[in-house]
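Biologist: I am new to this structure. Please take one part and walk me through it closely.

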Amino acid sequence: MSEMTRWIDLEGAVNARDLGGLPTRDGGRTRRGRLYRADNLQGLTPADVALLVGELNLRHVVDLRSTAEVTLEGPGPLTRVPEVRHHHLTLFAEGGRHTDVEADVAPEGIDGERVLPWADRVLDEELRVTGFYFGYLRDRPDGVVAALRAMALDDGAALVHCAAGKDRTGVLAALALEVAGATREAIVEDYVATGERLELILKRLRGSDTYRDDLDSRPADDHMPRARYIEQFLGVLDDRFGGPMGWLAANGWTDADTTALRARLRD
């Protein structure tokens with residue numbers, strides 16, 4: 001990872017980056033080397049593990065994959081590293097048959113309407129995606145809060161990931177950056193950055209029986225993380241809870257939690 005980029009170059013993952021270096025509302029920057037985000041870590045090589053654990057001081061992995069995904073794909077090589085603690089906190093709300101790629105059953109939309117499954121694409125993609133995102137918070141608020149608390153632990157760096165490192169990871173990264181005081185523009189920038197690696201992400205996931213069918217059920221362009229998706233998601237929290245911090249407070253997040261996570265991401 002160079003000083004000029006937030007990307008972390010790994011042999012066995014393609015969507016890994018540092019949440020440091022982003023502008024904050026008070027004119028500062030989020031701190032590098034504290035919190036990372038990534039796609040599935042199943043294919044990490046020994047060199048990748050050495051880089052993450054030895055050079056980047058990784059000590060906590062927050063795995064947002066479903067239990068089915070972990071069972072089918074395996075827990076990954078970092079689970080064999082004694083210095084690294086794993087926190088498996090599935091959010092369940094994005095489910096193809098096994099995965100975070102497509103939904104079998106239509107979840108409720110953000111205003112209580114039904115967001116129809118892919119085959120019956122009636123509502124626009126923006127509402128469909130945002131409905132999934134709000135579903136994480138609606139269905140597993142305990143998992144969301146626990147994941148953020150794990151990301152705040154201060155004995156080394158933490159990394160949060162799912163399968164593509166795009167949707168579940170994108171929501172948790174957005175909430176963490178909001179707690180740290182990042183600007184909305186920076187949060188959106190981080191979310192859409194995954195699009196730079198989308199072709200590589202899809203190629204990698206298509207190599208897995210777990211994800212291939214779900215990926216092939218939708219055009220590749222539908223996987224693109226668009227700014228309006230995360231903007232609308234955050235807008236829902238603004239309208240309903242006075243912002244992400246209001247939602248967190250309503251679900252057990254404390255001032256001490258905020259202090260801990262801000263300390264991880266701020267100088």
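Modeller: What follows is a close look at one helix, and then at the salt bridges beside it and beyond.

This is a predicted model. Start with helix α7, which spans residues 198–206. Its buried residues are L198, I201, L202 and L205. They cover an arc of only 95° around the axis, so they sit on the same side of α7. The general rule behind this is simple. An α-helix has 3.6 residues a turn, so residues three or four places apart point the same way.

Now turn to the other face of α7. The face directed away from the buried side carries E199 and K203, both exposed. On the buried side, the cover includes helix α8, residues 209–216.

Next, step back into the loop between α6 (184–192) and α7. R197 lies in that loop. R197 forms a salt bridge with D9, and their closest N and O atoms are 3.9 Å apart. D9 belongs to the segment before β1 (17–18), so this pair ties together parts that are 188 residues apart in sequence. R197 has a relative accessible area of 17%, which makes it buried because the cut-off is under 20%. D9 stands at 58%, so it counts as exposed, the cut-off there being over 50%.

The side chains of R17 and D190 meet in a salt bridge, with 3.1 Å from N to O. R17 is in strand β1 and D190 in helix α6, so the pair links distant parts of the chain, 173 residues apart. Both ends are buried: R17 has a relative accessible area of 0%, and D190 has 1%. R6, R17, R37 and D190 are linked in a network of salt bridges.

E178 and R25 meet through their side chains in a salt bridge of 3.9 Å, N to O. E178 is in helix α5, residues 168–180. R25 is in the loop between β1 and β2 (35–38). The two are 153 residues apart. E178 is buried, at 9% relative accessible area, whereas R25 is exposed, at 53%.

These pairs belong to a longer list. A search of the whole structure finds 16 salt bridges.

To recap, α7 has its buried residues on the same side, and E199 and K203 are exposed on the face turned away. In the loop before α7, R197 reaches D9 through a salt bridge.

Terms used: Residues numbered from 1 in each chain as written. Predicted model: local features only at pLDDT ≥ 70, side-chain atom pairs only at ≥ 80, totals over all residues. Heavy atoms only, no water. Buried < 20%, exposed > 50% of the residue type's maximum accessible area, 1.4 Å probe, protein only. Helix = DSSP H or I, 4+ residues; strand = E, 2+ residues; numbered from the N terminus. Arc of directions from axis to C-beta. Contact = heavy atoms within 4.5 Å. Salt bridge = Lys/Arg side-chain N within 4 Å of Asp/Glu carboxyl O.
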